[in-house]
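I opened this model to go through its surface, its charges and its strands. Here are my notes, in the order I looked things up.

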Amino acid sequence: MSKMKKLVAALLVLTMVLALAGSAMASCKIKLYDCVKFTKNTVAYNCKGGKATSTIVRKGSYAVVKKVSGNWVELWLNPNEDISAWFKTDNLKVAPNGKKVGTGAYTSYIYYYVIYSQGGVGLSSQLFVYDDEDPTDEFDYNDVRISDDCYKHVKATAKVWLHKEASLKKNYGVALHKGDKLTYRRKWGVDTREIIFYGVKYKGKCLWVSSAYSKLVK
């Protein structure tokens, strides 16, 4: 074999070794109890290498690793109710500090922030409900202000389902679409994922909508 052929063969072997090493490093990159961020909308599986479910976690969500097996990880989607699912690691990256929330002196970091782009119905329960009122107006422990009085409506920023409670359970069967506005009832709730829901009025009914796909407006 000529020197040139030997060099080409050696380079091919080196390339294969580096590729295998890179693959091995990728599979070991995510470890148990790591906080990971979803870099793309990602389908959930019922088990490692199992059947894909109808649940898709939205890009930008954060979760914590419950189990690692090769290029698969089981993630807690709702640790308060021990809800988890399996994912391929392709669309995940380690986020050691978690998700940044708040601004200035009120900045903090959270490790769980799971939003669904599909198939999330029933995957959380209502935790707390508050009145969006000034707690100094009266002696009411249920008053926790998150907005000024001028915010009287909730506007959908994407398709979002209405619910009978501040959670992903008890779906009302009606969805708002981007740009739709409803009256804000000055009530807000938190589900077991710690996601905020806004209380709204819809055709005389008192319902709830996730803040992940809506916002308060005047």
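Is V68 buried, partly exposed or exposed? I get a relative accessible area of 32% for V68, so V68 is partly exposed. My cut-offs are under 20% relative accessible area for buried, over 50% for exposed, and partly exposed in between (1.4 Å probe, protein chains only).

Before going on, I note that this is a predicted model, where local features need pLDDT of at least 70, side-chain atom pairs count only at pLDDT 80 or more, and totals for chains, interfaces and linings use all residues. Residues are numbered from 1 along each chain as its sequence is written, and side-chain values use heavy atoms, with hydrogens and water left out.

I placed V68 in strand β4, residues 62-69. Helices (H or I, at least four residues) and strands (E, at least two) are DSSP runs, numbered from the N terminus. I also looked from V68 to K48, 20 residues away along the chain, and the C-alpha atoms are 9.6 Å apart.

Patches are made of residues with over 30% relative accessible area and no salt bridge; like charges are joined within 9 Å, nonpolar side chains (Val, Leu, Ile, Met, Phe, Trp, Tyr) within 5 Å. The areas come from the Shrake-Rupley method with a 1.4 Å probe, and for residues only the protein chains shown count as cover.

Y33 sits in the loop between α1 (3-29) and β1 (35-38). Its relative accessible area is 58%, so I put Y33 down as exposed.

**Entry: positive phi**

Most residues other than glycine have a negative phi. I therefore jotted down the exceptions I came across. Y33 has a phi near 75°, a positive value in a residue other than glycine. D82, also not a glycine, has a positive phi of about 50°. I found D82 in the loop between β5 (72-78) and β6 (83-88).

**Entry: salt bridges**

How many salt bridges does a search of the whole structure find? I got 10, taking a salt bridge as a side-chain nitrogen of Lys or Arg within 4 Å of a carboxyl oxygen of Asp or Glu.

D82 came up again here: K66 forms a salt bridge with D82, with the closest N and O atoms 3.4 Å apart. K66 lies in strand β4 and D82 in the loop between β5 and β6, so this pair ties together parts that are 16 residues apart in sequence. I have both partners as partly exposed, K66 with a relative accessible area of 25% and D82 at 49%.

Next I checked R186 and D149, whose side chains meet in a salt bridge (3.6 Å, N to O). This pair links distant parts of the chain, 37 residues apart: R186 is in strand β15 (residues 181-191), and D149 is in the loop between β11 (126-131) and β12 (153-156). R186 is buried at 13% relative accessibility, whereas D149 is partly exposed at 43%. I also found D149 and R186 linked with D132 and R145 in a network of salt bridges.

Are R193 and D191 buried or exposed? I have both as buried.

**Entry: the positive patch**

I found a positive surface patch formed by K155, K178, K181 and K215. Lys and Arg count as positive and Asp and Glu as negative, with His and the chain ends not counted; a charge is placed at NZ of Lys, CZ of Arg, CG of Asp or CD of Glu. K181 is in strand β15 and is partly exposed at 47% relative accessibility.

**Entry: around β13**

Strand β13 (residues 160-163) pairs with strand β14 (residues 171-176) in the antiparallel sense over 3 bridges; for strands to pair, DSSP must find at least two bridges between them. I saw 2 bridges joining β13 to strand β17 (residues 205-210), also antiparallel.

What stands opposite H163 in β14? I found N171 there, while W208 is the bridge partner of H163 in β17.

I then looked up L176, which is in strand β14 and is buried at 5% relative accessibility.
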